[in-house]
Amino acid sequence: MARDSSATKARILAAAFDEFAAYGIAGARVDRIADTAGANKRMIYVYFGNKEQLFDQVVVQAVERGAESVPFDAGNLSRYAGAIFDHLTADPRLMRLVMWKRLERPEATALEAESYARKTAALAAAQREGHVDPAHDPADLLTLVLGLAQAWYTTAGDDPAAEEHRRAAHRAAVVDAVARLTGVPGAPQDPAA
């Protein structure tokens, strides 16, 4: 019977996502990933290399899925921030994975660097066209927007996924703060953000 390598790789990546989100690289165990995936431990090394390379692949996959789910909109950063908040609320493991990445592999991957450069270039264009307040450098502005969108996941306190009414209030605060930060004075704000 022929082995379905794509299905095995998908199961390994799904199991690795759970494992790395829970334990980071140092705490993750390849044995647990293999058991959860129903795969031979040796196949993890064949398909992905070492544990760090598997982690990197999990991060790449999460970044790619995030980019598909939350397209960047330089002209409406408050909507973008709200969409990031929603994306993180839908799967709290994502923020845990991001935090482990920042702690254990802080260097930007080529994909992350390319994505950031593309977004800052789009922001600079939106500023030149008068869609975004030019008061801040595009790289600083992007960092602030991302920080605001992720704020409830990186500080102690309310769990934004816990109660619907609190989540809505948190989201509204994020959208409002980004609109105030990025808005062109006198320009109408998009209420559908």
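The model is predicted. The chain has 9 helices and 0 strands. Its largest pocket holds about 1000 Å³ of space. The structure also contains 9 salt bridges.

**Fold and surface**

- Read from the N terminus, the elements run α-α-α-α-α-α-α-α-α.
- The protein chain has 193 residues, and 37% of them count as buried.
- Take the contacts between residues at least 6 apart in sequence: 65% of these join residues at least 24 apart.

**Largest pocket**

- The volume of the largest pocket is about 1000 Å³. The pocket is lined by 33 residues.
- Closest to the pocket centre are V63, E112, K119, L146 and Q150.
- Five helices each give at least two residues to the lining: α4 (51-69), α5 (77-90), α6 (93-104), α7 (110-128) and α8 (138-154).
- Helix α7 supplies the largest share of the lining, with 7 residues.
- By class, the lining comprises 21 nonpolar, 6 polar and 6 charged residues.

**Salt bridge D31–K41**

- D31 and K41 join through their side chains in a salt bridge, at 3.0 Å from N to O.
- D31 sits in helix α2 (residues 30-37) and K41 in helix α3 (residues 41-48), so this pair ties together parts 10 residues apart in sequence.
- D31 is partly exposed, at 44% relative accessibility.
- K41 is also partly exposed, at 35% relative accessibility.

**Salt bridge R105–D56**

- The side chains of R105 and D56 form a salt bridge, with an N to O distance of 2.6 Å.
- R105 belongs to the loop between α6 and α7, while D56 belongs to helix α4, so the pair links parts that are 49 residues apart in sequence.
- D56 has a relative accessible area of 21% and is partly exposed. The cut-off for buried is under 20%, so D56 does not count as buried.

- R93 pairs with D91 in a salt bridge, and the closest N and O atoms are 2.7 Å apart.
- R93 is partly exposed, at 28% relative accessibility.
- D91 is buried, at 18% relative accessible area. This value falls under the 20% cut-off, so D91 counts as buried.
- D18, D91 and R93 are linked in a salt-bridge network.

**T8 in helix α1**

- T8 lies in helix α1 (residues 5-27).
- T8 is buried, with 9% relative accessible area.
- Setting aside residues up to four places away in sequence, T8 touches A39 and Y47.

**L103 in helix α6**

- L103 lies in helix α6.
- L103 is exposed, with a relative accessible area of 64%.
- L103 and G24 are 79 residues apart along the chain, yet their C-alpha atoms are separated by 8.8 Å.

**Y116 in helix α7**

- Y116 lies in helix α7.
- Y116 is partly exposed, at 29% relative accessibility.
- Leaving out neighbours within four places in sequence, Y116 contacts A139, L142, T143 and L146.
- L146, one of these partners, is also among the residues closest to the centre of the largest pocket.
- Y116 and A139 are 23 residues apart in sequence, and their C-alpha atoms are 8.1 Å apart in space.

**A179 in helix α9**

- A179 lies in helix α9 (residues 164-182).
- A179 is buried, with a relative accessible area of 11%.
- A179 and N76 are 103 residues apart in sequence, and 8.3 Å apart in space from C-alpha to C-alpha.

Note on methods
Residues numbered from 1 in each chain as written. Predicted model: local features only at pLDDT ≥ 70, side-chain atom pairs only at ≥ 80, totals over all residues. Heavy atoms only, no water. 1 Å grid on protein atoms, 1.4 Å probe; cavity = no way out; pocket = protein on both sides within 12 Å on 5 of 7 lines; lining within 4 Å. Points joined across faces, edges and corners; volume = space filled by probe spheres on them. Helix = DSSP H or I, 4+ residues; strand = E, 2+ residues; numbered from the N terminus. Nonpolar A, V, L, I, M, F, W, Y, C, P; charged D, E, K, R; others polar. Salt bridge = Lys/Arg side-chain N within 4 Å of Asp/Glu carboxyl O. Buried < 20%, exposed > 50% of the residue type's maximum accessible area, 1.4 Å probe, protein only. Contact = heavy atoms within 4.5 Å.
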